[in-house]
Amino acid sequence: MAWCGLDFGTSNSTLGLADGNAARLAPLEGDAVTLPSAIFFDAETDDPVFGRAAIATYIEGNDGRLMRSLKSVLGSDLMEQETRLGNRKIRFDEAIGLVLGRIKLLGEASAGHKLDSVVQGRPVHFVDDDEAADAKAQATLEDVLRQTGFKHISFQYEPIAAALHYESTLNREELAVIADIGGGTSDFSVVRLGPDRARLPDRAPDILANDGVRVGGTDLDRLASLAAIMPELGYGHVVRLDGLKAPVALYHDFATWAKINFAYTHQVLSAVRQMKRTARDPIPFERMETALEERLGHWLALQAEAAKIALSENEDTRIDLGRIEPGLGVWLDRGQFGRAIEASMTRIGDVISRCVAAAGVAPEKIDSLVMTGGSALLPMVRDALSKRLPQARLVDADHFGAIGLGLALEARRRYA
Ligand SMILES: Nc1ncnc2c1ncn2[C@@H]1O[C@H](COP(=O)(O)OP(=O)(O)OP(=O)(O)O)[C@@H](O)[C@H]1O
Ligand SMILES: [Mg+2]
């Protein structure tokens with residue numbers, strides 16, 4: 001018998017399974033234990049394709065729609081909106097249901113039995129500063145899980161889940177801050193951990209504070225795109241003799257994973273064609289026209305994401321825009337990118353400081369700063385966090401698995 005924890009991430013999802021001995025992650029795509037939270041609907045067959053295969057099918061140029069960052073829509077008014085797919089339309093909650101249903105099925109195949117109960121991870125805030133919207137986000141997720149067939153559903157904060165997994169590796173007690181910097185949100189918990197404490201039935205007294213903010217890797221993709229890619233497509237360019245510039249919202253939405261599909265309308269296309277006619281320099285708008293006609297928005301977002309990831313290793317990187325125009329490319333370096341994301345880094349830093357203050361402990365009392373989530377691999381993110389806790393030991397947890405594993409441990413505790 002295994003108990004399951006589900007980490008439905010903005011970018012990647014995992015399903016943890018804990019039996020009497022240990023926790024492990026179920027394979028969700030071939031041997032891979034992460035499933036990119038993406039779904040592609042083929043225009044001809046209407047059949048959904050998931051994960052890496054979804055992204056690959058889109059990249060190959062198949063006609064259809066890609067949806068990514070579905071989680072970021074939870075709690076927003078986009079939830080009720082539909083995306084047109086050939087002859088039918090699909091709502092975001094239906095798309096989320098398909099992804100979660102797929103994960104459940106694969107988890108059951110791996111466990112060898114039905115999974116009725118689940119501990120579902122959640123960010124500390126789905127939505128910033130709006131409790132009603134936040135509650136609605138969780139309620140929607142719970143409804144979707146129920147529709148996929150789960151009978152017992154409960155929630156745990158993602159950073160607490162990561163803490164529980166990290167704790168299983170400790171041999172002495174410590175005061176830790178867990179920082180989970182994912183695709184959609186940055187979440188923090190201040191916790192007292194240790195091998196003896198792990199056995200206590202009630203952990204509430206060990207959880208000193210939780211906090212979070214809706215800033216994550218997908219925001220950094222958008223900022224990279226607005227800094228380097230979108231200007232090549234007309235962002236910031238003058239479109240009329242009186243000096244009027246191209247509409248900012250168009251480019252912001254086109255650089256935002258969850259909103260890209262909304263740009264594919266006749267109105268947007270004709271507005272861009274109009275700008276091409278009146279602009280001093282028509283070329284960028286010609287490129288934007290191509291991007292819309294050929295549905296290259298997700299491809300551009302993937303180029304931005306790849307550039308961001310490349311900057312984790314390199315000083316600069318060339319972003320290939322050859323699908324927009326043969327030979328076209330732009331360079332992005334760490335300095336430029338650092339300036340583009342500076343305000344976001346300050347926000348993340350402010351929230352970790354606020355969380356430690358809410359815990360009622362002095363920053364120098366924190367023993368370890370435990371990093372998880374894909375975006376915590378970015379040097380700018382690490383600097384922004386560690387400079388708030390300069391004395392803490394930096395620890396890297398399993399960046400893509402810690403939460404799913406911790407949720408499974410929690411599921412065993414709750415349901416066994
Ligand atoms: N080496 C890297 N450097 C920088 N960013 C990275 C790296 N590898 C992955 N990422 C980014 O990490 C993010 C995904 O991280 P993760 O899988 O932890 O998020 P998630 O759990 O899906 O999101 P959330 O928890 O916010 O819902 C993506 O934005 C991805 O681009
Ligand atoms: Mg996550």
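1. Strands β12 and β13 (residues 186-193) are antiparallel partners, with eight bridges between them; two strands count as paired if DSSP finds at least two bridges between them. Strands (E, at least two residues) and helices (H or I, at least four) are DSSP runs, numbered from the N terminus. The two strands are connected by a hairpin of four residues. Arginine 192 in β13 is the bridge partner of leucine 175.

2. This is a predicted model, in which local features need pLDDT of at least 70 and side-chain atom pairs count only at pLDDT 80 or more, while totals for chains, interfaces and linings use all residues. Residues are numbered from 1 along each chain as its sequence is written, and chains are lettered from A and ligands numbered from 1 in the order in which they are written.

3. On its parallel side, β12 (residues 174-181) is joined to β17 (residues 368-372) by five bridges. Opposite alanine 176 stands serine 368 of β17, and opposite alanine 179 stands methionine 371. Six of the eight residues of β12 are buried, so the strand is largely enclosed by the rest of the structure. A residue is called buried if 20 or more other C-beta atoms lie within 10 Å of its own, exposed if 12 or fewer, and partly exposed in between, with C-beta atoms placed from the backbone.

4. The open sheet that holds these strands has five members in the order β14-β13-β12-β17-β18, with mixed pairing. Its edges are β14 (207-213) and β18 (393-396), each of which pairs on one side only. From one strand to the next the twist averages 20°. Helix α12 (residues 379-386) packs on this sheet and touches β12, β17 and β18, its direction making about 155° with that of β17. Axes are lines fitted to C-alpha atoms, for helices over the stretch in contact, and angles run from 0 to 180 degrees between N-to-C directions. Contact between two residues requires C-beta atoms, placed from the backbone, within 7 Å.

5. A further open sheet has three strands in the order β6-β5-β7, with antiparallel pairing. β6 and β7 are at the edges with a single partner strand each, so one side of each is left without a neighbour in the sheet. Five bridges link β5 and β7, and aspartate 42 has glycine 64 in β7 as its bridge partner. Helix α1 packs on the sheet, touching β5, β6 and β7, and its direction makes about 50° with that of β5.

6. In α1 (residues 51-59), the buried residues are Gly51, Ala54, Ile55 and Tyr58. They cover an arc of only 95° around the axis, which puts them on the same side of α1; the arc is that of the directions from the helix axis to the C-beta atoms. Their packing partners are β4 (35-36), β5 (38-42), β6 (48-50), β7 (64-68) and α9 (297-310). Glycine 61, which follows α1, has a positive phi, near 95°.

7. Arginine 88 lies in strand β9 (residues 88-91). Arginine 88 counts as exposed because it has 10 C-beta neighbours inside 10 Å.

8. The protein is divided into domain 1 (3-158 + 404-415), domain 2 (172-215 + 344-397) and domain 3 (218-340), with bounds from an automatic or database domain assignment. Nine residues of domain 2 are in contact with six residues of domain 3.
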